[in-house]
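Subject: Handover of a structure

Dear colleague,

Please find below the structure that I am handing over to you. My findings follow directly after it.

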Amino acid sequence: MKTKALKRFLLTLVFTTLTIALSACSGDKAGESSSQITIGIPQDIEDSLDPHKAVAAGTEEVLFNLYEGLVKPDSSGDLQPALASDFQISEDATTYTFTLREGVKFHDGSPVTAEDVKYSIDRCADTTNGDPLVAAYSDIQSVNILDEKTVEVVLDGPDTDFLAYMTNAVIPASNENPDTNPIGTGPYKYVSRSPQENFVVEKFDDYWGTPANIEHVTFKVCANADSIVMDLQGGSIDMFARVTPAQADQLGDSFQVLEGTMNLVQALYLNNEAEPFNSELVRQALCYAVDPQEIMDIVSGGKGTEIGSSMFPAFGKYYMPELNDMYKQDLDKAKDLLKEAGYENGFSFTITVPSNYQQHIDTAQVIVEQLKKIGVTAEINLIEWDSWLSDVYAGRKYEATVVGVDASSLTPSALLSRFVSTASNNFVNFSNADYDAAYAKALGTIDDDEKTAAFKECETLLAEHAANVYIQDLPCLVALNKKYAGYEFYPLYVQDISKLYIMED
């Protein structure tokens, strides 16, 4: 590898997220006998089982256990060799060369080949039906098989962050139905899915890396947030990854509650093309009216980290805490801005919130009360998750929504690319020429200082133009039955079930 370039690259990806690893009382893991765990998830995996098409964070965090790329993140945020045992990056960051790991098998028993790697990358770069499945792959000039164990990716221009996109799943070229027949290389393999009920996987015995500890895993859909505590206490689920502080307080001695961060950007996302949010003055007024600290106090018992733009603390040097002070609550200023925008008497609008995320519902309820103080009336509309994906995210048929946006890869682009005017996933319809230019500058340089400054300019522009009302990176409270241990937090929105194990009696 080009060690100096790689070291600089990895240092930019050092994350400050909390990692907790619990050990058994004896220091040993449970034996190899058949074992199982049932994990509650807030929504069904229904957007796609195809890892290249899945867009919901809840889907991606489950599929993390089935699929792998040429590299993969560890719980510290560093990229580790995975299906590639080694890689090299050219000095100008335009050519990435990967050496494939020996003996890796897909879940169907077939070997991973250079042809599968090329197929997977080409598939995600294809623009036949519009934008590529992975936006960064639009910069790929060619994918070349140098020999049966070596694949070269050549870019149109320099990109020092491109390695992070090689976490994208490698799938067999022979699989004609990845939407319904997921075949990966991960520590777990697919068994079955019952819509709106569960998603079942089992340990992959031929896994190339450290094997999973628990044999059978059932992801049970718990769409009703009000029943989560009952499901945990009743034993129908052993773990739920994001309980609220109120739910955590109701759990008995049979559960441990681990605390980390969700690593996402929670905000009141505004449709910048919908009236009155097509007015920057109105958007700024809402920013001055909302108090993130009060929201954190009420919703999370004071936990969480305030954010002022589309970047969360785990991104280290890219996170700008100074932006948190741009819109300190000022109700008089908010009212003046509304008057200037022609809404002296306020207005009414609807906040569409997915019904399966209690933290976002609670946040929306506090926002409703805060906005009343400036004469703005907001009504909450709860919808099912699949409807949110189709109507809000894809269809952009909404006025405002409260959700958390995660990073799909370990690059600032994963959070900031969606705000480019022409981005297909720009669901808030933000459009700003200065932003587009700053983002292009960030992508076009291999100088780390210049790249960092350009990305920070993007964050500043999002705040100055009030693209959204930014709130917090939520705390992540994981409820885990004390029969189990080994849970680790990641700087991404994933659940690594392979690390879990059963405590010895």
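Four strands build an open sheet whose order is β4-β5-β7-β6, with antiparallel pairing. Its edge strands, each of which pairs on one side only, are β4 (84–89) and β6 (140–147). From one strand to the next, the twist averages 20°. Strands here are DSSP runs of E with at least two residues, helices are runs of H or I with at least four, and both are numbered from the N terminus; two strands pair if DSSP finds at least two bridges between them.

This is a predicted model, in which local features need pLDDT of at least 70 and side-chain atom pairs count only at pLDDT 80 or more, while totals for chains, interfaces and linings use all residues. Residues are numbered from 1 along each chain as its sequence is written, and side-chain values use heavy atoms, leaving out hydrogens and water.

Within the sheet, six bridges join β6 to strand β7 (residues 150–155) in the antiparallel sense. Asparagine 144 stands opposite glutamate 152 in β7. Helix α3 (residues 114–125) packs on the sheet and touches β5 (95–100), β6 and β7; contact means heavy atoms within 4.5 Å. The direction of α3 makes about 175° with that of β6, where axes are lines fitted to C-alpha atoms (for helices, over the stretch in contact) and angles run from 0 to 180 degrees between N-to-C directions.

Arginine 123 belongs to helix α3. Is this residue buried or exposed? Arginine 123 has a relative accessible area of 17% and is therefore buried (under 20%; exposed is over 50% and partly exposed in between, with a 1.4 Å probe and protein chains only). Leaving aside neighbours within four places in sequence, its contacts are Asp50, His52, Lys53, Leu133, Ile171 and Pro178.

Glutamine 365, by contrast, lies in helix α9 (residues 358–372) and is partly exposed, because its relative accessible area is 42%.

A further point concerns a helix pair. Helix α12 (residues 433–443) and helix α13 (residues 448–464) pack at about 160°, with axes 8 Å apart. The two are therefore roughly antiparallel (the term applies to angles over 145 degrees). Among the residues that meet are Tyr435 and Leu443 in α12, and Phe455 and Leu461 in α13.

Yours sincerely

Definitions and conventions
Parallel < 35°, antiparallel > 145°, perpendicular 65-115°, else oblique.
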